[in-house]
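Hi,

Here's the structure I said I'd pass along.

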There are 2 protein chains.
Amino acid sequence: MTRIAVCAPSTPITREDADRVLALAAAEFPGIELHIHPQCFATQGHFAGSDEVRLAALLECANDPAFDAVWFARGGYGACRIAEEAVARFSAAAMSKTWLGYSDAGYLLGALYRERIGHPVHAPMLACVRREGGEAAVRRTLGFLAGERSGLEPSRGRQPAVAFNLMTLAMLCGTRMMPGLAGHVVMVEEVSEHLYAIDRLFFHVTAHLGGIAGLRLGRVSDVPENDRPFGADAEEIARFWCARHAIAYLGPADIGHDGANRIVPFGLAERAEAQ
Amino acid sequence: MTRIAVCAPSTPITREDADRVLALAAAEFPGIELHIHPQCFATQGHFAGSDEVRLAALLECANDPAFDAVWFARGGYGACRIAEEAVARFSAAAMSKTWLGYSDAGYLLGALYRERIGHPVHAPMLACVRREGGEAAVRRTLGFLAGERSGLEPSRGRQPAVAFNLMTLAMLCGTRMMPGLAGHVVMVEEVSEHLYAIDRLFFHVTAHLGGIAGLRLGRVSDVPENDRPFGADAEEIARFWCARHAIAYLGPADIGHDGANRIVPFGLAERAEAQ
């Protein structure tokens, strides 16, 4: 039996979404037991409870040896406020766990990868169930935890890889949670940002990514209409800034804020195969 | 006679705004001669002309010994794409100039300050004329160039100071254009960002501002409505992240994206007095 703890370091989920995923897991994944921490439904201002409440729930999930994995329930914003302290307080029981999520959960995945704590994995979250194709997305994560490997992002090769939301990676750069990414394929995706903001984020992140093996661009979706066209699309922007910093642009990545979002275990693919 | 070159490293201005400011300068500042580079009216996609066109105009203005100052016409987005190369190609004629602007022009002010080229000054731009109180804002910049000091941000004391748009400073962090700000009072302001984005930007910038003398918060204006309240206001956010990184929070700064935006010469106040 694989036991998975679900907590929400950023924003809350609904009871309805939790019940849908519990039912799906019970029906299709008999080898998986989902434990949804009640903190997932807490609210305070923007967040799924105060920093203290979110931190306490995360520590409970991380430090309980009964759990094999911690699945972050939803993104939004907020994980960066607790990630550094959380990682500092993770016990030996956290060291063997798999950590799954993306978007705002990237602050935690980055910090965990930097500290070499368990296996951080870019993967659809519980709240993704309400997206178009959301059940397939949730099935991809649960399937991965059940040993299925068909949901992996297909471009992954022999180099270690990571995947981040572009904004999240930009904000991680230069902080105490930023992992060393030399030699890595770095995949980025973004949602709901103007193209000028995408360009600005690429200006910033590419200045911090010297030494990576190359960059892959996931989907840049729901770009708001601006008062005028930007003059370049997202791939042209990525190519421009990669060229500026002598970073290899490796092509697209099959990740994004959508139901088709694929799984990227951080690090070496062959180690992920063996997990 | 003080001769001021105006160019647009980011986005274009209108002929109408240029004419208003030319008329105001002619009527009220007989000691000032404004030279508006035709590139200010160029457009290509998001920008006031291509990177090449904007860079060429900026170099013309910067490297012409006939000009005493370069006034950036408008923010928006785009200066970061040309700032590094521009600064590398500034000649001896650039070294004594005063450089004025804010918002997106902060990339240039930061790079100039880092390279110790002339006198970077946070100040209202030509395009500010169309704001409420915009003529007063333009008058403040022209007055400063004419020797008037009443438009200076009033909190400035004996420590060196800088002022930045929060997003611009966040994007500068860790790049080759970021000036060393140890011992400085750092003033930041923001416009049109959600409070969760303000919080995220503070997470990032405060991680990069170790050793500053302290932080002052300018106005955070036109915050969009979110689907739920954030739970803290901009000052509480600033205080939270300053405390996290042991940065002194020094109180408000009289700067912002508005007509009341005051002037902050980068560096030591007494040197600004003497300029």
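Predicted model: local features only at pLDDT ≥ 70, side-chain atom pairs only at ≥ 80, totals over all residues.

**How the two chains sit together**

The contact draws on 36 residues from chain A and 36 residues from chain B. Of chain A's interface residues, 100% are interface residues in chain B too, so the copies meet through the same surface. About 3100 Å² is buried between the chains, with carbon and sulfur atoms giving 58% of that. There are two salt bridges between chain A and chain B. Arg81(A) forms a salt bridge across to Asp199(B), with the closest N and O atoms 2.7 Å apart.

**A covered strand in chain A**

Strand β6 of chain A (residues 161-165) has five of its five residues buried. Both faces are covered: Ala161(A), Ala163(A) and Asn165(A) point to one side, Val162(A) and Phe164(A) to the other. β6(A) pairs with β7(A) (residues 185-191) in the parallel sense, over five bridges, and Asn165(A) has Glu189(A) as its bridge partner there. To get from β6(A) to β7(A), the chain runs through helix α6 (residues 166-172), and this β-α-β crossover is right-handed.

**Salt bridges within the chains**

Over all chains, the structure holds 34 salt bridges. Here are a few for your list:

- Asp19(A) and Arg15(A) meet at 3.3 Å, N to O. Both are in helix α1 of chain A, four residues apart, or about one turn of the helix. Asp19(A) is partly exposed at 37% relative accessible area, and Arg15(A) is partly exposed at 45%.
- Arg20(B) bridges to Glu135(B) at 3.2 Å between the closest N and O atoms. This pair links distant parts of the chain, helix α1 and helix α5 of chain B, 115 residues apart. Arg20(B) is partly exposed at 33% relative accessibility, and Glu135(B) is partly exposed with a value of 33%.
- Asp227(B) meets Arg228(B) at 3.0 Å, N to O. Asp227(B) is exposed, at 64%, while Arg228(B) counts as partly exposed at 22%.

Back in chain A, Arg20(A), Glu28(A), Glu135(A) and Arg139(A) are linked in a network of salt bridges.

Cheers

Notes:
Residues numbered from 1 in each chain as written. Chains lettered and ligands numbered in written order. Heavy atoms only, no water. Contact = heavy atoms within 4.5 Å. Buried < 20%, exposed > 50% of the residue type's maximum accessible area, 1.4 Å probe, protein only. Helix = DSSP H or I, 4+ residues; strand = E, 2+ residues; numbered from the N terminus. Pairing = 2+ DSSP bridges. Right-handed = clockwise from strand over helix to strand, strands pointing away. Buried area = accessible area lost by both parts, 1.4 Å probe. Salt bridge = Lys/Arg side-chain N within 4 Å of Asp/Glu carboxyl O.
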